[in-house]
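Visitor: Hi! I'm new to this one, could you walk me through it?
Guide: Happy to, let's have a look together.

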Amino acid sequence: MKLHFEDNLDYQLAAIRAVADIFKGQERNTSLFSVSKTYDKGMIESDKGIGNRLELLDDELLENLNYIQLRNGLRPTESLTSGDFTVEMETGTGKTYVYLRTIFELNKQYGFKKFVIVVPSVAIKEGVYKTLQITRDHFENLYPESKGYDYFSYDSSKMGQVRNFATSPNVQIMVVTVGAINKKDVNNLYKESEKTGGDKPIDLVKNTHPVIIVDEPQSVDGGLKGQGKKALEAMNPLCTLRYSATHVDKHHMVYRLDAVDAYEKQLVKQIEVASLEIDDGYNKPYVKLISTQNKRGVISAKIEVHIQSGISIRPEVITVQDGDDLQQETGRAIYENFRIGTINCGKGNQSIELNVPNGEYVLYPDDEIGGVNQDDIKRLMIRRTIKEHLDKELRFVALGHRVKVLSLFFIDKVEFYRQYDADGNESKGKYAKIFEEEYRKLAHSGDYHTLFKGIDLESDASEVHNGYFSIDKKGKLTDTAESESNQVDRDNAERAYNLIMRDKEKLLSFESKLKFIFSHSALREGWDNPNVFQICVLRDMGTKLAKRQSIGRGLRLCVNQDGQRLRGFNVNTLTVIASESYELFAEALQKEIEEDAGIRFGVIEKHQFANIPVQGADEELHPLGFKKSEELWHILKAKEFIDNNGKVQDTLRTALKEKKLELPEEFNPELDAIYSVLRKLAGRLDIKNADDRIMIKPNKARLLSPEFQELWERIKHKTTYRVDFDNEKLIQDCAKSILEGPPIPKTRARFRNANLAIGEGGIEANEKAVSQYTTIDESDIELPDILTDLQDKTQLTRKSIVRILTSCRRLNDFKRNPQEFIQLAAEAINRTKRLALVEGIKYRRIGDGYYYAQELFEKEELTGYLKNTVEVQKSVYERVVYDSAGVEQKFAQALEKNESVKVYAKLPGWFKVPTPLGTYNPDWAVLVEKDGHEKLYLVVETKGSLWWDDLRHREGAKIKCGKEHFSVLAEYADNPARFIKAKTVEDILLYD
């Protein structure tokens, strides 16, 4: 199979042109210098070295740079502080192709011949070298003047290559890792060598004034010590071109294609997440360390635990300190005697001691204990990955796309995939065994029989997967990560990458059976196979493996069997199988993009209108320019569409939505283009609509009217209550309620699929499918102290709880899922208690002196938001504040329109009826006049559903108490106020 390279992609040509135009005005030329060569008999021969020469002055370069930046909508550079220039391109958009083609463009236009590509790792070096191999025909056809160009992977034992690099009249490309050049006391590049005529190889490189291309400079420069950066400067470069998706230092940026641009132009795959959710799996004390910190001398740790929240249990990240009791922190008895011990902070030294019954654990970031068995979770994720893979194969067959589908697993330890005995014989680890078991099961199912006709599934299952890991000298797989400072690790990695890169094209062909790839740390930057459609993360996607880094391995657009790239999200969708919710995945991915790429979601910067095309006096199109762009930014700020930092406000989103953006007349010709930029930058993530808060005034004419005074007189008095109930009946009713409760499931898992839409406003997750539940069989559950737990949750005595449990005939469910049963029993008991309280409640009016004064309508402040209020005439307030845009809003509007309604009030929060379950606030007080004379005084409860009569619900029970309260008040008045329930105004008119 031979990959086909497209030579006319506009965004790639724009990136190439951006670099080439830096040297506009430069003539084609070279520099010459002498290179000596010593022979065995002492003879010396002098050769001519050929290097690059720059004739432009800094002012000329700066003028070129500013023009390029204006054209590409980038912030202009004020002064040229170095010869470094930055190109930002999102992973998967062809960054390597762009900088290789830029080499030949620079040679064509300016005659530059010497180029050094510096990369951070063996992986990227092998990837670049492979690309140079497979693109030779392509580039020699595009640039015939460069035919015969040489490229080589720097090898410290072959210094003759460096001499040839300096003396050859052809285009020369040297590919080198930063680890081979950043240590002067170790690297041979800085030592005299006979193979270079006694010269130091670095001196030959310096004399060529090479154009240095840095791939992933954030990893090459060398952090604070900057050893990599010093090594680059030691080569005396003509200039340094920096290419990455995640620049730390943005030196003189000339082109930017960020994650948002790449997604919106569909230059990379669409991302969807299949998130595994565990339900009802809270039967073991779970603790996961997130991080530790020392803030102002206070040492603390963030951990994830399962906390009690009302009647439910949910995962939550909490902050703890040394000595904290997790039973108190979580509110769950299952954490009894779980205490936090010593907390260690500092980079690379984060850990906590967790003291538990019968011992202690030391947890490092991302370590966890308890919870659902991890092997069960991994099995579900592997199964889902295989299913997604086979589904895509079926779909491509149906669409007639001859595309090889690949899936990639990131695992936590190599031994889980491949193991070795004392003699070095290999055997399958647990992940390999699980994979083959699940693969055979799915392959035998009727859904996929068309994919497996005539295939021996026993042998096929072992042939479709393999692992790519670092390889030691004995040929064993190892999870040793590549390290710049460790030559052994680099050698191990090189052996693995040689194998991976040699197989890269073969993997894309149907001739290879291999479809599923397992990796630990080998498949990082540099290995981007275009046909990876599934990435399954069987390790935590935290600090060890960032989300962008992992999904970057599958973002490239796929290719068919002819090596041609296919476009469109209908074909290119990358499915990430993860063990976290897609909402959290999207949130974390957005945060990573913000930190890595410097993208400020929902923020407008001063230069972002600069490249809007404007027709000049010469009738030619010119960019709007930075000054006008900055002026426009200040106009938006003055109108409070953005804040001082450029952050988009909801006022701008509203103006864009309603097309009411008013700008000075001079911008009218560009208004459409400005709208387009603003819509993109404002984004989809409208977190909340923070309309101005308003004070709502009383309508004094209605408040002081005789009609409302008559109504208020009937409902204003306060009451107190007592409760009588039968204890024996309560116990029997509680047992019956548990018996009739819903079935108790075992711990279950399901996948939720969501597409991630990446825009300038942020990342939005849209759920598209939810899978069926799969049961997880937990056989090692330790049964908790159910009596103590239920006593805490219900406030009943242990004796009463024992009687209830022994009478409910469902104790087997306690063994099946202890925590779910405890939740069910607690809710059933509390619900039955509420029913007993309500049925036994007796109200009495306190006395004439205890009532809600009508003056409170004027003294107590009522506020609301314009969005959630409606202007009215018949109410005692000028506006009605509503919670529900459905029922309450419509009810208020109907009260206004109905002629029978004379006055009404949406009862404020201070009007409360006491109940055993907390205070109750009725919805409305309404006066209706029927037949022109008869008056009905009503207290109305409005709800959009019929559940309110179900006294098992807390709110329904409160409403029942409210009814009893108003029944007592009715005994003290002629034509009393009645308490009714209604959905519409028509409902209240049915009462006589």
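Visitor: Which residues gather in a patch of negative charge on the surface?
Guide: That patch brings together D58, D59, E60 and E63. Keep in mind that we are looking at a predicted model.

Visitor: Where is D59 found?
Guide: D59 belongs to helix α2, which covers residues 58–71.

Visitor: And is D59 buried or exposed?
Guide: D59 has a relative accessible area of 64%. Exposed means over 50%, so D59 counts as exposed.

Visitor: New topic: how many aromatic pairs does a search of the whole structure find?
Guide: The search turns up 40 aromatic pairs. One of them is Y417 with F518: the ring centres are 4.6 Å apart and the planes sit at 25°, so this pair is stacked.

Visitor: Where do Y417 and F518 lie?
Guide: Y417 is in the loop between β18 (406–411) and β19 (418–420), while F518 is in strand β24 (residues 516–519). The pair therefore ties together parts that are 101 residues apart in sequence.

Visitor: Are those two buried or exposed?
Guide: Y417 and F518 are both buried. There is also a pair made by Y439 and F516, with ring centres 5.9 Å apart and planes at 80°, so that one is edge-to-face.

Visitor: What does that pair tie together?
Guide: Y439 lies in helix α13 (residues 430–444) and F516 in strand β24, so the pair links parts 77 residues apart in sequence. Y439 and F516 are buried.

Visitor: Which residues form one aromatic cluster?
Guide: That cluster consists of F5, Y97, F104, Y129, F139, Y143, Y149 and Y151.

Key
Residues are numbered from 1 along each chain as its sequence is written. This is a predicted model: local features need pLDDT of at least 70, side-chain atom pairs count only at pLDDT 80 or more; totals for chains, interfaces and linings use all residues. Side-chain values use heavy atoms; hydrogens and water are left out. Patches are made of residues with over 30% relative accessible area and no salt bridge: like charges are joined within 9 Å, nonpolar side chains (Val, Leu, Ile, Met, Phe, Trp, Tyr) within 5 Å. Accessible areas come from the Shrake-Rupley method with a 1.4 Å probe; for residues, only the protein chains shown count as cover. A salt bridge is a side-chain nitrogen of Lys or Arg within 4 Å of a carboxyl oxygen of Asp or Glu. Lys and Arg count as positive and Asp and Glu as negative; His and the chain ends are not counted. The place of a charge is taken as NZ of Lys, CZ of Arg, CG of Asp or CD of Glu. Helices (H or I, at least four residues) and strands (E, at least two) are DSSP runs, numbered from the N terminus. Buried means under 20% relative accessible area, exposed over 50%, partly exposed in between (1.4 Å probe, protein chains only). Rings of Phe, Tyr and Trp (its six-membered ring) pair if their centres lie within 6.5 Å; planes under 30 degrees apart count as stacked, over 60 as edge-to-face and the rest as tilted.
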